[in-house]
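Please keep the sequence and the model open while reading.

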Amino acid sequence: MKRLRVIRYIIFSIEIVVAYILQTTPYLLPEVYGGKAVVLPVLALSISVFEPQIPSMIFGAVCGSLTDLSAAGPIGYYSVGVVIICYIVSTLMENYVKTNLASVMIIALACIPLMLFVHFLFYYLFVGYVDAWTFFVSHYVSRIIYTLAFVPVLYGLNRRVSAVLRSE
Amino acid sequence: MLTIVCIFLALALITSGNSYVKGFFTSFLLTPLQQVAAGGTTAAGDALTPPKSLEELTEENKKLREENKRLTDELVDYYDIKNRNEELNRFYNIKAENQDFTLVTAKVIGRDPLENFYGMTLDKGSVDGVDKDDPVMTENGLVGIVSEVSPKSCRVITILCPDIQVGVADKKTDDNGVLSGRAELSDKGYTVMNNLSEQNKAETGDIVVTSGYGGIYPDNIKIGKIKELSSDPYTSMPMAVIEPYEDVRTTGSVAIITDFDK
């Protein structure tokens, strides 16, 4: 069981590296109506659906920190935000909610837009850039939708990984 | 016998001064015959040549594979050197025009999806002599400024970002202003020259360059041309929309100015 867990975590780590490369390498993911997908938080969320709280938070911290590192500005917002989301998702999935695509999509629809909207508030609107709401519509809406499109893909992938590597 | 000799003598006389006749005989009579004969002897030669053994073929195959790999590696090196040469040639002109610049060439290795104004990550850092606030440019003009530095990489904010402030001047009229980005224009690749005086003589099409005021940017670095003159909707001051010469949204390689004469 421990061996399977280690292999699972190695696979998650490889997924994190691939997601980071996908997210930051120019021209790898196309830009859609001014927005690009933020893959790492979605990956952390899909991992936390199948893992207990502590590993979920650790993977969330790694994904969030990498997101902060690649973006301009200090480390903090995504590092903390994704950890909190991963803890909540892991607790919900473990105790209250049935794990299936519908429930994961509902949770993602609540968490991802909220996270990106708060990012917009703190890093854009409160900073005082002009025409903030126009910018939100032209950039953040497409970014949110594009990011949510990765939820079923990553959920399916990690569901498969967890199913194969959870028991003999 | 005499008849035959006479016929041949006549032929010799005809063909000696007439290359067309000779060519006719050569092309349509002799050459096909020679081709058939040569083909036949080659085929016969191949048939008579003993076939190579399996060991010989394996050895030959191995040698050819090694040779192929060596040539492929050389080809990869060739393309690397060719690309590097093209890159250095592009920035040679910058150095030639600005002898006092110390330049470090860099490639764009990252563009974050959360970056709203086309900021980029470059593959050079403090170990290469890059420092915060170093200007970044291409052969077409100014791109931005280094905002964060780590040992092996650095982040650049571009001239499309509202956070940047560059002292600029109209090259023709000498009107000074401050270049800064605007959110609604950044998607189109335009930036804005603010703080123009009320009595400015700037016109559409004028070239805008860095003024050198402040000491952060060297002077006379090209930025772009004035696309439109209008008033700032928030301050009512005259402003100019600038179309940069370098499209920072798609820039692939840049030069970082790590030192210049102030």
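How many residues does the contact take from chain B, and how many from chain A?

1. The contact between the chains takes 23 residues from chain B and 26 residues from chain A. Please keep in mind throughout that this is a predicted model.

2. The size of an interface is often given as the accessible area lost when the parts come together. Between chain B and chain A, the buried area is about 1,900 Å². Carbon and sulfur atoms give 53% of that area.

3. What kinds of pairing link the two chains? Ten residue pairs are in polar contact between chain B and chain A, counting pairs with both residues at pLDDT 80 or more. The number of salt bridges between chain B and chain A is zero. Two elements of chain B, strand E1 (102-110) and helix H4 (183-186), each give two or more residues to the side that touches chain A. By class, that side of chain B has nine nonpolar, four polar and ten charged residues.

4. One residue of chain B can be followed in detail. B:Asp163 sits in the loop between strand E5 (154-158) and strand E6 (166-170) of chain B. Is B:Asp163 buried, partly exposed or exposed? B:Asp163 counts as partly exposed because its relative accessible area is 46%, and that class lies between the cut-offs of 20% and 50%.

5. Apart from neighbours within four places in sequence, B:Asp163 is in contact with A:Tyr129 and B:Ile157. Its side chain makes a polar contact with the side chain of A:Tyr129, at 2.7 Å. Within chain B, the C-alpha atoms of B:Asp163 and B:Phe117 are separated by 9.7 Å, although these residues are 46 residues apart along the chain.

6. Chain B as a whole has four helices and twelve strands. Of its 262 residues, 37% are buried. Among contacts in chain B with a separation of 6 or more, 55% join residues 24 or more positions apart.

7. The domain assignment divides chain B into domain 1 (2-48), domain 2 (51-97) and domain 3 (102-259). The contact between domain 2 of chain B and domain 3 of chain B takes seven residues from domain 2 and ten residues from domain 3. The centres of these two domains, taken over C-alpha atoms, are 39 Å apart.

8. About 780 Å² is buried between domain 2 of chain B and domain 3 of chain B, with 57% from carbon and sulfur atoms. B:Arg90, B:Phe91 and B:Ile94 supply 65% of the area that domain 2 buries against domain 3, more than any other three residues. Between these domains there are zero salt bridges by the rule, and one residue pair is in polar contact, with both residues at pLDDT 80 or more. The side of domain 2 that touches domain 3 has three nonpolar, no polar and four charged residues.

9. In chain A, helix H2 (residues 39-48) is mostly covered, with ten of its ten residues buried. Among them are A:Val39, A:Leu43 and A:Ile47. The cover over the buried residues of this helix includes helix H1 (2-24), helix H3 (53-70), helix H4 (77-95), helix H5 (101-125), helix H6 (132-148) and helix H7 (150-164) of chain A.

Note on methods. Residues numbered from 1 in each chain as written. Chains lettered and ligands numbered in written order. Predicted model: local features only at pLDDT ≥ 70, side-chain atom pairs only at ≥ 80, totals over all residues. Heavy atoms only, no water. Domains from an automatic or database assignment. Contact = heavy atoms within 4.5 Å. Buried area = accessible area lost by both parts, 1.4 Å probe. Salt bridge = Lys/Arg side-chain N within 4 Å of Asp/Glu carboxyl O. Polar contact = N/O pair within 3.5 Å; in protein donor to acceptor, adjacent residues only side chain to side chain. Nonpolar A, V, L, I, M, F, W, Y, C, P; charged D, E, K, R; others polar. Buried < 20%, exposed > 50% of the residue type's maximum accessible area, 1.4 Å probe, protein only.
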